[in-house]
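Hi,

Here is the structure I promised to pass on.

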Amino acid sequence: MNSVLESKNGIQQAEGDTTSESKGTLRLLRRFHFGEPAAVGKTTRPAPTVLPALLNAYRDASVIRYQYPLYLAPVGDRDVAKLARPISEFFGAALQTFAPGEEDARILRDNLPWLERYLKDALGDAGPSDAADLFAQAAAAMQAELDLNESAREKLQSDLGQLADAIAKGGQFLGYGPGVPLHLLLHAIRHRDSQRRAQLRERIDNHVHGLEALLDVEKSKSAEANEPGNIQSSVGLGSRYFNSGALSGMLEQRAAGSVEMSTARRVRIEAALGTLQAWQDDAVIVRFVGRVEGPGISVLPEVHVVDSDDPCTTAAEVFEQDAAEFATLFAALRIAALEIDSSYDPAIHDSWFANFDWQSFSDDELQLVTRVFALVSAAQLAGDGLPSFSRMLGSRLPVHVLTSVRAYDNPGARPDEGPFDAYRFELGYFGVGHRQAVVAQTSAARHDDLLAGFLCALDSNRTSLHLINRGTQSRVEKPVLDPWFVASAALESRAHPFVLVNPDAGDHAAERVSFGGNPQADSDWPVEKLEYRDAAGDTTEMELAFTFADYALLMPALHDHFRVIPADLVSEDLLPIDQYLDADDEIVDRAVPFVWAIDAEGVLLRLAVSRALVFACRDRLNYWHTLQELAGVQNFYVEEAIDRIIEEQRIAIEAERDQLQKDHEEALESVRTEAAGEAMGQLVDFLMGADLSGMVAGGSPVVKMPATAPAGTEAPVEAEAEPAVEAAGEPEEELSFDEPWLDTAACTTCDDCISINKMMFAYNEDKQAYIRDVNAGTYADLVAAAEICPAKCIHPGKPLDPNEPGLDELIARAEPFN
């Protein structure tokens with residue numbers, strides 16, 4: 001889904017008339033919302049061609065490039081990322097190799113979209129087609145379509161030839177259709193198993209040669225083998241050059257000293273050799289148990305289809321049968337290896353091989369057993385097939401369950417129930433609950449996610465569950481929207497979110513859950529922009545959330561849950577569905593939720609939504625939140641732990657700041673006390689040295705000076721002292737709390753104050769802030785720094801410059817921090 005939708009179809013918003021608001025119409029829509037049958041018949045159902053507003057631009061899929069068709073790399077390419085690529089990406093990369101410049105191969109470059117549309121139309125939904133042959137047809141059609149002059153035609157033909165050379169032999173093109181999941185599954189199995197099967201064949205042949213050599217050596221020890229006639233026949237024409245009788249006598253003497261193989265060992269070797277020689281490579285690489293959907297799949301020689309009414313149970317039986325055959329082969333291979341190496345010990349190995357079955361297989365051996373997939377409908381898995389389905393998920397059998405899911409439906413609904421009459425049975429969550437199974441909930445619209453789920457399961461040797469949405473619509477003869485966009489909408493709307501659970505990745509949910517295939521995974525709903533023209537013809541835009549209700553509008557079978565809101569009806573009680581879901585109960589009780597839609601003429605509409613569909617939206621959102629927590633996105637426990645740590649840090653910082661404040665006040669009080677004591681001591685010393693006799697007559701005290709003056713000075717007879725009363729009456733200098741200060745010990749090194757004024761604030765050696773120069777900035781800088789400081793350790797005090805503008809406001813803002 002594009003982030004911005006252009007008004008390509010002349011989208012217009014009908015003008016609302018606020019003066020014509022009809023309370024009766026609003027009450028009628030509210031009655032419809034609550035499910036009153038009488039209101040249903042009095043309101044207007046949307047036309048079948050109505051689409052969610054955000055999807056209107058995609059009505060004509062023929063002019064839009066998306067991920068399909070795909071180019072499927074031939075078997076032998078081990079690069080997983082290149083197993084399947086959109087042809088637009090494949091052609092672009094190929095073009096870059098021989099025409100890297102923007103003007104190189106200009107004609108071909110400009111017409112690549114035409115080439116892709118031709119291939120898309122030619123492929124349809126019929127399954128894979130040989131890429132080289134189909135490209136040749138497309139190239140010829142392009143030449144005929146363009147009708148170029150001879151020079152341009154030759155240049156285009158040369159460029160098309162180089163583009164054709166990029167298509168490897170055996171490569172295929174695959175269009176989008178209902179068979180895409182199985183075709184991509186077969187493609188993945190071919191790539192995974194072809195090399196393994198070739199290596200198995202080589203291993204069997206090597207062990208056959210090894211066992212035959214052992215038996216040949218043993219045969220050479222027998223008396224019959226040493227008879228002259230046998231020697232002469234074994235040597236052939238060269239026997240005329242020596243005496244076969246004499247040679248026979250010599251061999252008899254040597255054979256008499258050789259130890260013959262025990263009968264038990266020879267029988268064991270011969271049995272293993274017979275098993276290996278009888279093994280025939282099977283062309284079948286996968287067995288589908290159940291109903292196969294998709295053109296041409298069931299007739300492929302690589303596929304064996306097994307009919308069953310209970311696919312899960314039958315699939316387990318089919319695997320057990322295949323595994324029993326492979327157990328005989330793998331036991332023979334292991335016995336052969338031990339015998340060739342002369343390491344077989346009957347006391348140890350006889351009992352082991354007597355009970356050898358699939359649970360004794362190594363991981364590599366399990367990978368060689370023919371793949372088994374149970375193809376089951378979602379309704380059967382959630383209904384009558386639930387017991388066998390659950391047993392399968394807990395069985396440890398490397399058997400896979402694959403089902404196609406209708407994202408709008410409830411697979412657990414009874415035949416007499418609608419899709420929204422009960423909470424949805426989430427098959428994916430049911431699979432996750434079995435813990436040891438691989439679970440892949442994917443969309444056929446995202447081939448890379450689909451292949452990732454298949455490859456994860458094929459490589460794991462575990463039971464797996466694949467829930468795939470293909471974008472099918474209900475009760476539609478001619479779809480309004482291409483199925484690929486419908487499948488994409490299911491992914492966007494949280495109707496069918498992507499999740500891949502791989503137990504091999506670890507025991508913790510955060511390790512085993514992959515969630516990255518979902519758009520805007522941090523949000524409840526993806527939010528996109530819609531451009532439209534209002535009644536005045538001006539182009540504007542609004543942001544819309546794409547919810548499950550928007551997705552439900554794509555299903556004509558669900559249109560009974562929508563009703564058209566008259567264009568002239570304007571009310572605060574009409575709320576977009578995403579806002580309604582977040583509203584308080586008081587608002588919910590009176591509001592009517594709606595979704596934005598666009599009809600075939602390009603007119604923007606509002607559609608009221610039924611309460612049943614609102615319940616379904618809440619249910620899907622709840623499951624979305626569950627998956628988010630599993631994946632570690634918006635995890636409640638993580639957020640709670642973060643909040644708790646932040647609160648603990650805040651309390652610790654406040655306690656530390658309070659203690660520092662207390663220590664600071666105690667230190668100040670101590671300084672005051674010491675200063676006062678020193679002042680009083682100085683005053684006493686002064687008074688003790690003064691002559692106070694004159695004060696009786698109202699005079700001033702006279703201080704007696706030393707009788708002898710220092711050398712070089714004149715010694716006055718007496719000096720008049722400063723008036724003691726005035727000296728004593730001078731006010732003591734008070735320590736000021738109006739100056740700015742910073743509680744450096746409480747600093748958290750956040751850089752906020754530094755970013756405001758690097759000259760006023762600086763860091764000490766411990767990377768904690770202090771006030772370097774209070775005169776290097778303004779009082780406004782101090783106040784701003786105090787407000788932004790997370791530790792609240794900056795105290796602006798009083799302004800130093802009384803003329804700084806706006807001091808009244810600044811002093812008021814500084815008050816909480818002083």
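Let me start with one histidine: His349 has a relative accessible area of 15%, so it counts as buried, the cut-off being under 20%. His349 belongs to helix α13, which covers residues 346-354. If you skip the neighbours within four places in sequence, the contacts of His349 are Leu338, Ser343 and Tyr344. Do keep in mind that this is a predicted model.

Now for the chain as a whole. The protein chain has 818 residues, and 43% of them count as buried. I get 29 helices and 28 strands for it. Taking the contacts with a separation of 6 or more, 71% are between residues 24 or more positions apart. The accessible surface of the chain is about 41,800 Å², and carbon and sulfur atoms hold 51% of that.

The largest pocket comes out at about 730 Å³ in volume, and 37 residues line it. Which residues lie nearest its centre? Those are Val376, Ser377, Ala378, Thr403 and Ser404. Sorted by class, the lining of this pocket consists of 16 nonpolar, twelve polar and nine charged residues.

As for where the lining comes from, at least two residues each are supplied by α8 (180-220), α15 (378-382) and β11 (400-404). Of the elements, α15 gives the most, with four residues.

Last, the cysteines. How many disulfides are there in the whole structure? The search finds zero. Take Cys750: the closest cysteine sulfur to its own is in Cys789, at 5.5 Å, and that is too far for a bond because a disulfide needs the two sulfur atoms within 2.5 Å. Cys750 is partly exposed, at 29% relative accessibility, since that value lies between the 20% and 50% cut-offs. Cys456, on the other hand, counts as buried at 13% relative accessibility, which puts it under the 20% limit.

That is everything from my side for now.

Cheers

Technical notes: Residues are numbered from 1 along each chain as its sequence is written. This is a predicted model: local features need pLDDT of at least 70, side-chain atom pairs count only at pLDDT 80 or more; totals for chains, interfaces and linings use all residues. Side-chain values use heavy atoms; hydrogens and water are left out. On a 1 Å grid over the protein atoms alone, a cavity is a set of points where a 1.4 Å probe fits but cannot get out, and a pocket is an open set with protein on both sides within 12 Å along at least five of seven lines; lining residues have an atom within 4 Å of a point. Grid points are joined across faces, edges and corners, and a volume is the space filled by probe spheres set on the points. Ala, Val, Leu, Ile, Met, Phe, Trp, Tyr, Cys and Pro count as nonpolar, Asp, Glu, Lys and Arg as charged, and the others, Gly among them, as polar. Buried means under 20% relative accessible area, exposed over 50%, partly exposed in between (1.4 Å probe, protein chains only). Contact means heavy atoms within 4.5 Å. Accessible areas come from the Shrake-Rupley method with a 1.4 Å probe; for residues, only the protein chains shown count as cover.
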